[in-house]
Amino acid sequence: MLTGLIKKSVCFLFGFAIAMSARAQSIAACSEANLDGKWNVIIDWYGSGNAADIASNKQATGKDDFVEFSFDNSQTLAVPGDWNYQRDELKYYEGTVWYQRDFDYLPRRGKRAYLHFDGVSYRCEVYLNGKLLGGHEGSFTPFQFDVSGIIKRGKNLLVLKANNERREDAIPARKFDWWNYGGITRSVNLLTVPDEHIADYFIQLKKGSLTDLCGWVQLSDKQYRQVRLEIPEAHIKKVLTTDSAGRAQIDLPAKLALWSPEQPKLYAVKLYAGNDTVTDLIGFRSIEVKGTQILLNKKPVFLRGISFHEEMPQRAARAYSEADSRTLLTWAKELGCNFVRLAHYPQNPQTVKLAEQMGLMMWEEIPVWQGIQFSNPQILSKANNMLHEMIERDKNRCGIIIWSLSNETAPGPDRNATLTQMAKDARAMDDTRLISSAFDHFKYSGNQILIDDPLSESLDVLAANKYMGWYAKWPAGPGNVVWKSTFNKPLIISEFGAEALYGNHGAKDTASLWTEEYQEQLYKDNLAMFKNIPFLQGVCPWILADFRSPGRMQAQYQQGWNRKGLLSDKGFKKKAWYVMHSFYQQKQQENKAK
Ligand code: GCB
């Protein structure tokens with residue numbers, strides 16, 4: 001009966017961090033109704049819409065009455081989907097759109113109902129039958145509302161106010177290098193569960209073990225009860241007992257085929273408690289760091305990675321369907337990857353599930369991207385909320401091996417304190433995975449590049465975004481650059497690359513010409529440098545495909561696109577693709593030989 005793990009979130013109202021409801025139990029629930037499809041919309045160009053009227057879809061009541069908005073006969077937008085792609089006039093729109101739809105509901109005794117949103121960009125308020133349910137801030141993580149007391153028999157009126165204005169105190173902040181897609185970009189579902197239900201669960205291999213399961217099952221009601229855990233294919237059947245907080249701990253031996261990129265084995269895991277049943281597909285693997293090595297299932301692994309945005313370049317739109325996820329992930333596999341960096345935010349849940357099924361390890365991060373107001377006390381709670389929502393959503397996805405806290409944030413007391421605290425919080429929620437953060441501040445000395453970011457102490461894996469030959473000049477010939485680290489930890493080059501316009505050929509030594517040859521040479525040079533980094537355990541070029549970014553203003557070559565893709569905006573392979581592809585083939589052979 002399961003559709004996945006759902007978590008009720010701390011919700012924010014427009015910019016100020018008011019928890020509309022305490023962090024509640026998550027629910028593993030059935031979708032009663034999928035609310036995707038055409039929604040009516042009002043585009044609120046000047047932000048002048050009156051919430052009370054719009055949320056109740058107010059109608060004129062007498063001959064001398066009128067209302068100056070209407071969802072009846074209004075325009076429509078498809079959900080899921082960004083508004084920028086669907087209407088020419090909304091291509092660059094940053095403001096408010098009111099969404100509306102009706103749905104029918106038949107109440108049943110002993111059932112609770114939740115409205116669940118996979119992602120709304122960037123902030124929203126949600127109203128059911130004219131009543132404010134709450135708000136949420138952050139485009140890329142799910143949230144939901146318990147609507148059991150508000151939902152009616154028969155027709156229900158659902159209104160959502162979405163706003164995607166960029167602000168200094170948002171995450172990401174006012175400037176970022178991707179398109180500011182707005183709207184209900186991911187699915188919406190009405191979920192139902194028994195009154196007393198399985199609220200949440202976490203089942204993975206214990207840190208460092210190949211044979212011991214760890215985790216817990218949380219019930220909605222806080223009393224001593226029994227929960228049955230079954231993994232039929234592994235002959236596991238275990239009755240667990242919850243404590244006075246409604247939680248049962250899992251700690252048991254198991255003989256399991258381990259998940260790996262070569263054999264991405266997933267097991268049907270079943271939980272039964274009272275009238276509730278949950279089934280999930282879960283894989284089991286161990287991921288650890290030993291000195292400067294990364295160990296997958298106790299064996300050293302080199303991460304052959306690629307980054308991508310949640311965007312379909314050919315459509316110039318947010319990726320939103322399973323077919324979109326499959327296209328992006330199939331490209332990654334074709335390149336020879338065993339690892340993807342989901343840049344720069346938690347991507348669609350179906351991307352994560354599919355990547356796991358396809359044997360791709362994942363780096364998942366929250367959009368703490370440059371320019372964040374770390375001195376603002378609300379930032380820690382907003383970022384932490386996103387971190388919690390990400391980990392809550394994906395903690396059972398074994399394909400995820402790294403939680404990343406941030407990308408390119410400048411060291412300083414506020415930033416260090418915030419991210420150090422977040423690293424602690426992430427570990428407290430999930431100690432089975434590795435923690436990282438992508439750096440771009442390094443010290444140079446002669447031909448040396450030194451990693452000394454103080455945050456490194458709190459991380460398991462160091463990650464460097466280093467654009468040698470593009471934003472950074474070579475301090476020496478590529479083969480003579482020496483990387484030093486003051487930490488005995490593995491390093492991933494989490495970004496490197498250069499821009500090139502597909503089909504634009506010419507000099508390989510002039511960056512300003514945007515040639516494929518320049519990009520190709522830069523890749524060769526960077527690979528030459530990588531050979532001399534003894535603690536390097538993975539690379540992740542920036543980026544799989546060209547992506548839209550209004551800040552890219554070079555009229556001839558960029559035209560609003562970041563051209564660092566190994567693939568063009570139409571999905572055609574640039575020359576650098578082949579350099580990376582053969583590097584990954586060679587790495588794969590080396591890994592096999594070990
Ligand atoms: C970076 C950022 C990434 C940008 C990229 C670029 O360092 O992490 O978001 O898109 O550089 O192309 O400049």
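Trainee: What distance separates the centres of domain 2 and domain 3?

Mentor: This is a predicted model, in which local features need pLDDT of at least 70 and side-chain atom pairs count only at pLDDT 80 or more, while totals for chains, interfaces and linings use all residues. Residues are numbered from 1 along each chain as its sequence is written, and side-chain values use heavy atoms, with hydrogens and water left out. The chain is divided into domain 1 (6-194), domain 2 (198-285) and domain 3 (288-593), with bounds from an automatic or database domain assignment. Taken over C-alpha atoms, the centres of domain 2 and domain 3 are separated by 32 Å.

Trainee: What area is buried between domain 2 and domain 3?

Mentor: The size of an interface is often given as the accessible area lost when the parts come together. Buried area here is the accessible area (1.4 Å probe) that two parts lose on being put together, summed over both. Carbon and sulfur atoms give 56% of the area between domain 2 and domain 3, and the total is about 1900 Å².

Trainee: Which residues of domain 2 lose the most area to domain 3?

Mentor: In terms of contact (heavy atoms within 4.5 Å), 23 residues of domain 2 meet 23 residues of domain 3. Three residues of domain 2 together account for 34% of what that side buries, and they are K207, W259 and R285.

Trainee: Which residue forms a salt bridge with D200?

Mentor: A salt bridge is a side-chain nitrogen of Lys or Arg within 4 Å of a carboxyl oxygen of Asp or Glu. The count between domain 2 and domain 3 is two. For D200, the closest N and O atoms of the pair are 2.9 Å apart, and the partner is K395.

Trainee: Which strand gives the most to the side of domain 2 that touches domain 3?

Mentor: Strands are DSSP runs (E, at least two residues), as are helices (H or I, at least four), and both are numbered from the N terminus. Strand 13 (198-205), strand 14 (212-219) and strand 19 (276-282) each supply at least two residues of this side. With six residues, the one that gives the most is strand 13.

Trainee: How many nonpolar residues are on the side of domain 2 that touches domain 3?

Mentor: Ala, Val, Leu, Ile, Met, Phe, Trp, Tyr, Cys and Pro count as nonpolar, Asp, Glu, Lys and Arg as charged, and the others, Gly among them, as polar. By these classes, that side of domain 2 has four charged residues, four polar residues and, as its nonpolar number, 15.

Trainee: Why does the salt bridge of K382 and E137 tie together parts that are apart in sequence?

Mentor: The side chains of K382 and E137 meet at 3.0 Å, N to O. K382 lies in helix 5 (residues 377-394) and E137 in strand 9, so the parts that the pair ties together are separated in sequence by 245 residues.

Trainee: What is the omega of the cis peptide bond that joins A343 and H344?

Mentor: H344 belongs to the loop between strand 26 (339-342) and helix 4 (349-357). For the cis bond joining A343 to H344, omega is about -15°.
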